[in-house]
Amino acid sequence: DEVRELIDEVDRGRDRWINGRTEEFLSGARVNQADDMTIFGPLGGPGPRPGEVSPEELLARQAAMSAQFGGGSGSVEVVKTVVEGDLVVLVLIERNEVMFPGHDTSHPWTLRTTQVFRHTDDRWLRLHRHADPLILHRSLDQTLSLLEEP
């Protein structure tokens, strides 16, 4: 039951994020970010390592990213859950249709995500989130082209 509640809260967070309600996402009652959380975001890059930026700067960066979303809707599909003691790993497909500033129509925003949580007292701490848009299979050559410098 607790893991189902976590999945539901993650889904509500996804909805808040794509609808620009970042402050609600970042201050969820039952899910918070660990101060040393790692993020591999969907736009690529290595992401900041723990200690490289303050928790406040990380939140500011996330708010700036979320501000690029103009609203939308979607859902999560659970691929797998792993529960080991107070740790939970969620492997999800996040399927969204999102409006972006400067675009007249919504765009698919489908991500594969892996998220790691620790349960502490009455809340969950997100320790890691990896999100990527590599949902469609591609050839080796297409994949190699992603590794080229822009």
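Colleague: Are Phe117 and Trp124 buried or exposed?

Modeller: This is a predicted model, in which local features need pLDDT of at least 70 and side-chain atom pairs count only at pLDDT 80 or more, whereas totals for chains, interfaces and linings use all residues. Residues are numbered from 1 along each chain as its sequence is written, and side-chain values use heavy atoms, with hydrogens and water left out. Buried means under 20% relative accessible area, exposed over 50% and partly exposed in between, with a 1.4 Å probe and protein chains only. By that rule Phe117, like Trp124, is buried.

Colleague: What kind of pair do the rings of Phe69 and Trp109 form?

Modeller: Rings of Phe, Tyr and Trp (its six-membered ring) pair if their centres lie within 6.5 Å, and planes under 30 degrees apart count as stacked, over 60 as edge-to-face and the rest as tilted. The structure holds 4 aromatic pairs. In the pair of Phe69 and Trp109 the centres are 5.4 Å apart and the planes stand at 85 degrees, so the pair is edge-to-face.

Colleague: How many residues apart in sequence are the parts that this pair ties together?

Modeller: Phe69 lies in the loop between helix 3 and strand 2 (72-84), and Trp109 in the loop between strand 4 (107-108) and strand 5 (111-120); helices (H or I, at least four residues) and strands (E, at least two) are DSSP runs, numbered from the N terminus. The pair therefore ties together parts whose separation in sequence is 40 residues.

Colleague: What is the centre-to-centre distance between Phe117 and Trp124?

Modeller: Phe117 and Trp124 also form an aromatic pair, and this pair is edge-to-face. With 85 degrees between the planes, the distance from centre to centre is 6.5 Å.

Colleague: Which residues does Ser66 contact beyond four places in sequence?

Modeller: Ser66 lies in helix 3 (residues 55-66) and, at 0% relative accessibility, counts as buried. Taking contact as heavy atoms within 4.5 Å, and leaving aside neighbours within four places in sequence, Ser66 is in contact with Trp17, Gly20 and Thr22.
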